[in-house]
Amino acid sequence: MSSVAPAMRTTTYCYPWDLQRLGVSRSLAEIADRGFAAIDLAATYHPIDSLSPRGGLNLFSNARGAVFFPARAMRYGRIEPAVDAAIAPVWPAAAAEAQRIGMAINSWTITLFQPWIVDAHPDCARVLPWGDRSGSGVCAAHPDVRAYLATLCMDLAEQFGVPLFRLEGVVSHAFDLDWLRPRTLVRVPPLARTLANLCFCGSCKARGSDAGIDVAGLQARIVGTIEAEIADQPDAEGRAAAVASDGELVAYTERYADASVELVRDVAEALGDRAAVSVTVASPWRALLGETRDDALLTRLIEACTQVDLNVLNIPGNPLIARLNATLAEPRPLSALFVEVRNPTVTPAAMMAESGPDKMRANLQRCADFGVRELSLYNFGLLPDVDVRNFVETVGRLTLA
Ligand SMILES: [Zn+2]
């Protein structure tokens, strides 16, 4: 009897505008030749300026995000997809070609970071604690946002037989993520940053009130703390202690975070057995919730999806997610994104320090060792071919227990 070691499956993220420019058939043939089992094709995307070194330098710009497949408007409720009609035809072309050559086509789906929804429906926007609307993000607590995303995924599943949805950004992003030429001259200390990530939109406030929280009182305390932190007023320790013992704050934060869990659950329930739902499991709330409650939140998020997406370069965070997943009666399959980073302007310093060709194999092996069996390269159009080949060769040398 011989046993065959389980193989490491690989996929690669792709932008539809890159496939359109480089040629769908040619690009998919090249991707298949490299041994990738699937592409993760962006179906929706956030604002972007992306520079591709392939097939001659190319800049793609989009200021407010959009939907990049031919969504069927009549299926949707109040939030109707803002389709980029010039690029949307790539999706059916890529789906047909993928089917022809036996490759899977997954949907890379940006969820909350969709400024175009904020423009069309301001009531869906996330609202910062001091009352200003976020320009970039919608809130998962709004039922119309969750309904829109569940419909969107169903639309893709029905039209293209998508077997897996990678939901990106279901947990609220940092309040100042991707600000346009930011003008923040003051220091925003960590406690103020964490509190600034909370939402006080109409939906979140109603959910808080329903839970018996004095939302107006809580909001005033939070703004007072943020302002005192930014002004560097004395007694930072007293403020931190007050936050840590604020039961209403913990309850409000949990309800806000659980809106993201509900979003994933709504998408998974809509899809049923049609497709798997893979989610980047993360929490920005550990400092507020404490380890026990944050572990429980992360576990709820894992349980809501059918696969867990890690980031290979999240060296400190991955073991915790893998450990929580392993305690489930039905642990989810683990997948991990690998990003080749050489540009410090797009990458946090900690990830930069852990990246580089000399560390690639060790980092990928570390993921394989705690059970990751799918690695996704970010991203085909943004990398020169030598990087793609290097990644594939390194994956081929991993040891799988
Ligand atoms: Zn909200």
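1. Start with C14: the bridge partner of C14 in β2 is L41. Four bridges join β1 to β2 (residues 38-45), and these two strands run parallel. Two strands count as paired if DSSP finds at least two bridges between them. Helices (H or I, at least four residues) and strands (E, at least two) are DSSP runs, numbered from the N terminus.

2. Before going on, two things to keep in mind. Residues are numbered from 1 along each chain as its sequence is written. The model is predicted, and local features need pLDDT of at least 70, side-chain atom pairs count only at pLDDT 80 or more, while totals for chains, interfaces and linings use all residues.

3. Back to β1. This strand also pairs with β13, in the parallel sense, over four bridges. Look at R9 here: its bridge partner in β13 is E374. Strand β1 covers residues 9-14 and is mostly covered, with five of its six residues buried. Buried means that 20 or more other C-beta atoms lie within 10 Å of the residue's own, exposed means 12 or fewer, and partly exposed is in between, with C-beta atoms placed from the backbone.

4. The bond from Y378 to N379 is cis, with omega near -15°. N379 lies in the loop between β13 (372-378) and α15 (385-396).

5. How do α14 and α15 pack? Helix α14 (residues 357-369) meets α15 at an angle of about 40°, with their axes 10 Å apart. Axes are lines fitted to C-alpha atoms, for helices over the stretch in contact, and angles run from 0 to 180 degrees between N-to-C directions. The two helices are therefore oblique to each other; angles under 35 degrees count as roughly parallel, over 145 as roughly antiparallel, 65 to 115 as roughly perpendicular and the rest as oblique.

6. For the residues in that contact, look at P357, M360, R361 and L364 in α14, which meet N390, T394 and V395 in α15. They divide into four nonpolar, two polar and one charged. Ala, Val, Leu, Ile, Met, Phe, Trp, Tyr, Cys and Pro count as nonpolar, Asp, Glu, Lys and Arg as charged, and the others, Gly among them, as polar. Contact means that the C-beta atoms of two residues, placed from the backbone, lie within 7 Å.

7. Next, the loop between β9 (164-168) and α6 (190-196), where D178 lies. Phi of D178 is near 55°, a positive value in a residue other than glycine. D178 is partly exposed, with 15 other C-beta atoms within 10 Å. R181 lies in the loop between β9 and α6 too, and has a positive phi of about 40° although it is not a glycine. R181 counts as exposed, with 4 C-beta neighbours inside 10 Å.

8. C201 sits in the loop between α6 and α7 (202-210). Is C201 buried or exposed? It is buried, with 23 other C-beta atoms within 10 Å. Not counting residues up to four places away in sequence, C201 touches A125, R126, V127, C139, A141 and H142. C201 and H142 are 59 residues apart along the chain, and their C-alpha atoms are separated by 8.5 Å.

9. Last, V281, in the loop between β10 (276-280) and α11 (286-304). V281 counts as buried, with 27 C-beta neighbours inside 10 Å. Leaving aside neighbours within four places in sequence, V281 is in contact with L298, L301, I302, V308 and I321.
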